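This report describes selected local features of one protein model.

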Amino acid sequence: MRYAALSDVGRVRKNNEDSWHADGRVFVVADGMGGHQAGEVASSVAVERFLGYDLENRHLPPMKRLNEGILAANELLASMATENPGLEGMGTTFTALVLEEGAFLGHVGDSRAYLLRDGRLTSLTRDHSLVAKMVREGFLTPRQARVHPRRNVILRALGMERRLVVDLASPDLRAGDRVLLCTDGLTSGLDDEELEAILAGVEDPEECCRRLVMEANARGGEDNITVVVIDLEEGDVPRGRAAGKGGAKAGEAKGRWWKRR
Ligand code: CA
């Protein structure tokens, strides 16, 4: 396996509220939100709590551990926000890929996971955002969604409510596949065709990360940009009983909307 990650503050914001992790088995991107420093706290605390849960509960099957790890991070953010008035309103997106007797993907918010296979890009996640919902329902085109004034409204995030629903999937990944995890600082600037061209065209994962960040910055860099690129080789995703296509997709969670600053 070859993989690389890069996070960049962008060209407008002072702080980078994104967090990420990549260790060859667990890969995460998280995009924090909330006033002052709360967004940074939210994304970094969520990633740390998730990794701790993963370590402490290795006896659990991977999908259960993935789901419960994300719920544990959610629980921690919710209680921190209750106890610290300065952190009230903080939240984070969370997209995690675990490779272990299969590939396991957990997702909340509008960060994304993509698969590049044989030069073609497909999405492995659905955004939990207002505009994505409107696209699915036929009220907006994807192009309109990217410039819509309410494109920052997201419908599901960690820290938002204690009854969180995590989208879970076990994508059928194999040798030769390239996976991208990214925050919306990348996808608000580049559309899927542009992403596909870069991912298919730049072979080295580290160079590919640099190129993706550079292109997002060239389009204004209005948001923090975080990318993780993973190139799978033979043996990276051992076949297990849980591996297979598809996976559970939950419906839109009811409740408050969440707006980035
Ligand atoms: Ca963002």
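Predicted model: local features only at pLDDT ≥ 70, side-chain atom pairs only at ≥ 80, totals over all residues.

Asp 184 belongs to helix H5 (residues 184–187), while Asp 223 sits in the loop between helix H7 (205–218) and strand S12 (225–231), so the pair ties together parts that are 39 residues apart in sequence. The protein donors are Asp 31 (OD), Asp 31 (OD), Asp 184 (OD) and Asp 223 (OD), at 2.2 to 3.2 Å from the calcium ion.

What is the relative accessible area of Asp 184? The value is 9%, and Asp 184 is therefore buried. Asp 223 has a relative accessibility of 10% and likewise counts as buried, because the class covers values under 20%.

## Packing of helices H1 and H2

Helix H1 (residues 38–56) and helix H2 (residues 62–83) have axes that come within 8 Å and cross at roughly 140°. This angle makes H1 oblique to H2, because the roughly antiparallel class requires an angle over 145 degrees. The crossing in which H1 passes H2 is right-handed.

On the H1 side, the residues in contact are Val 41, Ala 42, Val 45, Ala 46, Arg 49, Phe 50, Tyr 53 and Asp 54. On the H2 side, they are Arg 65, Leu 66, Glu 68, Gly 69, Ile 70, Ala 72, Ala 73, Leu 76, Leu 77 and Met 80. Sorted by class, the contact of H1 with H2 comprises 13 nonpolar, 1 polar and 4 charged residues.

## Packing of helices H6 and H7

At what angle do helix H6 (residues 192–201) and H7 pack? The angle is about 150°, and the axes of the two helices are 9 Å apart. H6 is thus roughly antiparallel to H7. Their crossing is right-handed.

Leu 195, Ile 198 and Leu 199 of H6 meet Cys 208, Arg 211, Leu 212 and Glu 215 of H7. By class, this contact of H6 with H7 holds 5 nonpolar, no polar and 2 charged residues.

Glu 101 is not a glycine, yet has a positive phi of about 50°. The residue is placed in the loop between strand S5 (94–99) and strand S6 (103–108). With a relative accessible area of 43%, Glu 101 is partly exposed.

Asp 118 also is a residue other than glycine with a positive phi, here near 50°. Its position is the loop between strand S7 (112–117) and strand S8 (120–123). Is Asp 118 buried or exposed? Asp 118 counts as exposed, at 75% relative accessibility.

Gly 109 lies in the loop between S6 and S7. Its relative accessibility is 0%, so Gly 109 counts as buried. Leaving aside residues up to four places away in sequence, Gly 109 touches Thr 93, Arg 126, Asp 127, His 128, Ile 154 and Arg 156. Between Gly 109 and Asn 67 there are 14 Å in space, C-alpha to C-alpha, and the two are 42 residues apart in sequence.

Gly 35 is located in the loop between strand S3 (26–33) and H1. The relative accessible area of Gly 35 is 36%, which means that the residue is partly exposed. Gly 35 and Met 90 are 55 residues apart along the chain, and their C-alpha atoms are separated by 7.2 Å.

## Pro 205

Pro 205 is part of helix H7. With 3% relative accessibility, Pro 205 counts as buried. Which residues does Pro 205 touch, not counting residues up to four places away in sequence? They are Arg 2, Tyr 3, Ala 4, Arg 178, Val 229 and Asp 231.

A further distance concerns Pro 205 and Ala 157, which are 48 residues apart along the chain. The C-alpha atoms of Pro 205 and Ala 157 are separated by 28 Å.

Notes: Residues numbered from 1 in each chain as written. Heavy atoms only, no water. Axes fitted to C-alpha atoms, helices over the stretch in contact; angles between N-to-C directions. Helix = DSSP H or I, 4+ residues; strand = E, 2+ residues; numbered from the N terminus. Parallel < 35°, antiparallel > 145°, perpendicular 65-115°, else oblique. Left-handed = near helix turned anticlockwise from the far one by under 90°. Contact = heavy atoms within 4.5 Å. Nonpolar A, V, L, I, M, F, W, Y, C, P; charged D, E, K, R; others polar. Donors = N, O, S within 2.8 Å, 3.2 Å for Na, K, Ca; no water. Buried < 20%, exposed > 50% of the residue type's maximum accessible area, 1.4 Å probe, protein only.
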